[in-house]
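Here's a quick tour for anyone opening this model for the first time. Have the picture ready and follow along.

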Amino acid sequence: MTYILYGGNPSPYSRKLRAILRYRRLPHVWKAGTPDTLPEIAQVKPKLIPVLKLPDTGEFRVDSTPTAHLLEQRHAERSVLPPDAADAFVCHLIEDFADEWLTKLMFHYRWHEDATALWASHWIVSDAMPAATGKAHDQMARMFHDRQRSRMAMVGCTPENAPVIEAAYARLLDILGPYVGGQHHLFGSRPSLADFGLYGQLAQLTTDPWPQRLCRERAPAVEAWVITLDDCSGVDGEWKPEKAAAVREALLEMVGAEYLPFLRANAAALEKGEAELKVSIRGREYTQQPFAYQAKCYGQIRSLWAGLSAEAREKLEPLMEKTGCREYLG
Ligand SMILES: N[C@@H](CCC(=O)N[C@@H](CS)C(=O)NCC(=O)O)C(=O)O
């Protein structure tokens, strides 16, 4: 009963899923996606990592969020979903925010500055093509570097959007720094799916030289937290959501002021068939091309909200109102 996880160390979603498998003590083998292993997943669509191979059926699964939920259905012990329905909704919002919004921070800080972009391109090739050395390695690194930099505008990582993205990183570090640590996760002393979503992006931001330096200057505890989240197999914690209410509220304020306005503008641009979305985020203009995947994320948040019991919704209303999220939920 051994899962196989195909991924990459420089891939936020691969790290997220591996950290979940480790915390949940699910037997697994990690296979870096390399020319030797990639043929094993050649038929899997869409062509993204991570890919999880299920031990019993041999099926392959892509997309870290539904895959994490599938693992919840298959294994009851050491769940990463808070048991209370209202908390589980907040957990989803923060996880989705990490996956879809904070990933812009990861991409910007990895590829915007020359020295870090160069470093990252070599790291990625070492991870994905360990057999390539010398000139072959350097050529691959250059190709990857150029490809990723050419994709920056597509995902919104432009010089015009940089002030929005950089302010978000500073804010995130200021929120997490004073709170997080080995025993201090978002819903108690055991990690949740939201913690692992943050972990995936932060594992990259605390490794790439430029954002790592910023983190060490501004909130060194965040890097230490990320290191502990990498392997929580020894953690036996408890759900104690009341302990981290303030940090969740501050993150939800970011969700309400940044992520949800972006999601709504993205959905509206797609609906109108527009090539570009424009949205004001904390008074600054943010522009990028819309994506269908993120429209799906928005729809999912809204349907999860609609599907909550009246009791759970009532419990969440004041928090959603206060953090600016409520108006986006339908
Ligand atoms: N929503 C997916 C996103 C996966 C994803 O975007 N993976 C990236 C690497 S981090 C990828 O495989 N990109 C393909 C490429 O760069 O060619 C998840 O949560 O797993």
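## Two helices side by side

Phe89, His92, Leu93, Asp96 and Glu100 in H3 meet a set from H11, namely Gln294, Cys297, Ile301, Leu304 and Trp305. Being in contact here means that the C-beta atoms of two residues, placed from the backbone, lie within 7 Å. Helices are DSSP runs of H or I with at least four residues, strands are runs of E with at least two, and both are numbered from the N terminus. Sorted by class, this contact of H3 with H11 has six nonpolar, two polar and two charged residues. For the classes, Ala, Val, Leu, Ile, Met, Phe, Trp, Tyr, Cys and Pro count as nonpolar, Asp, Glu, Lys and Arg as charged, and the others, Gly among them, as polar.

How do the two helices line up? The axes of H3 (residues 85-111) and H11 (residues 292-306) come within 11 Å and cross at roughly 170°, which means that H3 is roughly antiparallel to H11. Axes are lines fitted to C-alpha atoms, for helices over the stretch in contact, and angles run from 0 to 180 degrees between N-to-C directions; over 145 degrees counts as roughly antiparallel.

## A word on the model

Keep in mind that this is a predicted model, where local features need pLDDT of at least 70, side-chain atom pairs count only at pLDDT 80 or more, and totals for chains, interfaces and linings use all residues. Residue numbers start from 1 along each chain as its sequence is written.

## The sheet

Now for the strands: four of them form an open sheet in the order E2-E1-E3-E4, with mixed pairing. Strands pair if DSSP finds at least two bridges between them. At the edges sit E2 (28-32) and E4 (60-62), each pairing on one side only.

E1 and E2 pair in the parallel sense over five bridges, and Gly7 stands opposite Ala32 in E2. With E3 (residues 51-53), E1 (residues 3-7) pairs in the antiparallel sense over three bridges; Tyr6 has Val51 in E3 as its bridge partner.

## Around the ligand

Which residues surround the ligand? They are Ser11, Pro12, Tyr13, Leu48, Ile49, Pro50, Asp63, Ser64, Thr65 and Asp99. Helix H1 (12-23) and helix H2 (64-74) are the elements that give two or more residues to this shell. By class, the shell has five nonpolar, three polar and two charged residues.

Note on methods: Near = placed C-beta within 6 Å. Parallel < 35°, antiparallel > 145°, perpendicular 65-115°, else oblique.
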